[in-house]
Amino acid sequence: MQVYIHVPFCESKCPYCAFGSSDDDFNKTKAYFQALVLDLNFQLKSQNVKEISSVFFGGGTPSAVNAKFYDEIFDVLLPLCTPSTEITLEANPNSASLAWLKHVKNLGANRISFGAQSFFEDKLKFLGRIHSKEQIFKAVENAGKAGFESINLDLIYDTKFDTKKHLLAEVENLKSLAITHLSAYSLTLEENTPFAGKKSYKKDSDSLAKFMIEQIGLAGFGQYEISNFGQICKHNLGYWQGKNYLGAGAFSVGFVDGTRYYAKNSIDAYIAQPMHREKEILSQNELVREHIFLGLRSIVGVDATRLNKSQLSRANLLVENKKLDLKNGKFYNPNFLLSDEIALFIEG
């Protein structure tokens, strides 16, 4: 079983971010983590979980809270983990101190993911980030000192600042960092965020996206999903494979055997009812639709046996036109940038 744990606390709220988080509720941290312990214990027992394959602490900003708050969480998780269990925590360069990194590493974390987003000060300010380029380099250095061998960095591209020259410089910075994985996301103007509707904030350039992906590949990071490169993240790959996972924490989502589970979507409501979940039972058509969408945007591929007759016919037509590859009963997409269009065509 995979486990996602949401930590909704941030030092500041980025204007592009649509994830559930707060920058003024730190006084609720203790109560929140107590609720998390109750929630995790309940779910692991009710789902009869015998082994955890991966854990991902997302947010929010997990490094924004004192590392000691994770002690009890790891006490719950570790008895079900194995030496091969991947345990990732997201962190920001400005808040992930060497002491914080050492503490979570000693607890059992073995992968760290830094929200860098850019190496340019003007772009960082535009994105609402409160760290500097120098702090990115220091954070990666400290992660190595703390003993982390798997280190991810997040970057955002396709902003109004980006040109091929800028993106090339972003990638050049990666070459001097001891990281094993890169997540590179095209800026999305999410609804209900300060960036919503601000079309001038985004280049919306297919050529820039293609250039960015090419340069990342030339830097030695192989692409295995539309936004992810390098040493494969077991947890993320599990999502694309449609594996079951538990979601713990406010705003979290879980998925078990065709049913999606939604936790309370506020910190206060979650603390009051940490075990409460709204359920959504997905139809077979919905499950196939997700399999098509996720499989085409990653190395997972689409299982031909899950397609109906008309979907299979359209997929084979794409193979004939060299838009898809067919290998061992699976359709693979050689160009992840076209994944949405191809998925829509196959669905009909």
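Predicted model: local features only at pLDDT ≥ 70, side-chain atom pairs only at ≥ 80, totals over all residues.

**Entry 1: a pair to begin with.** I began with E172, which makes a salt bridge with K175; their closest N and O atoms sit 2.8 Å apart.

**Entry 2: E290 and R260.** Then I looked up E290, which forms a salt bridge with R260, with 2.6 Å between the closest N and O atoms. Where do the two partners lie? I found E290 in helix α10 (residues 284-296) and R260 in strand β11 (residues 259-262), so this pair ties together parts that are 30 residues apart in sequence. I checked accessibility for both ends. E290 comes out at 27%, so it counts as partly exposed. R260 has a relative accessible area of 14%, which is under the 20% cut-off, so I put R260 down as buried.

**Entry 3: a network.** I also came across salt bridges that share partners: they join D25, K28 and D268 into one network.

**Entry 4: the count, and K202 with D158.** How many salt bridges are there by this rule? I got twelve. One more that I looked up is the salt bridge between the side chains of K202 and D158, at 2.7 Å from N to O. Both residues are in loops: K202 in the one between β6 (181-186) and α7 (206-218), D158 in the one between β5 (150-157) and α6 (164-174). The pair therefore ties together parts that are 44 residues apart in sequence. D158 is buried, with a relative accessible area of 3%.

**Entry 5: rings.** On to the aromatics, where I noted 19 aromatic pairs in the structure. I picked Y32 and F33 to look at. Why is this pair edge-to-face? The ring centres of Y32 and F33 are 6.1 Å apart and the planes stand at 75 degrees; planes over 60 degrees apart count as edge-to-face, so the pair gets that label. Y32 is buried at a relative accessible area of 0%, and F33 counts as buried at 4%.

**Entry 6: the cluster.** Last, I checked which residues Y32 and F33 are grouped with. They belong to one aromatic cluster along with F9, F26, F57, F69, Y70, F74, W100 and Y270.

Methods. Residues numbered from 1 in each chain as written. Heavy atoms only, no water. Phe/Tyr/Trp six-rings, centres within 6.5 Å; stacked < 30°, edge-to-face > 60°. Buried < 20%, exposed > 50% of the residue type's maximum accessible area, 1.4 Å probe, protein only. Salt bridge = Lys/Arg side-chain N within 4 Å of Asp/Glu carboxyl O. Helix = DSSP H or I, 4+ residues; strand = E, 2+ residues; numbered from the N terminus.
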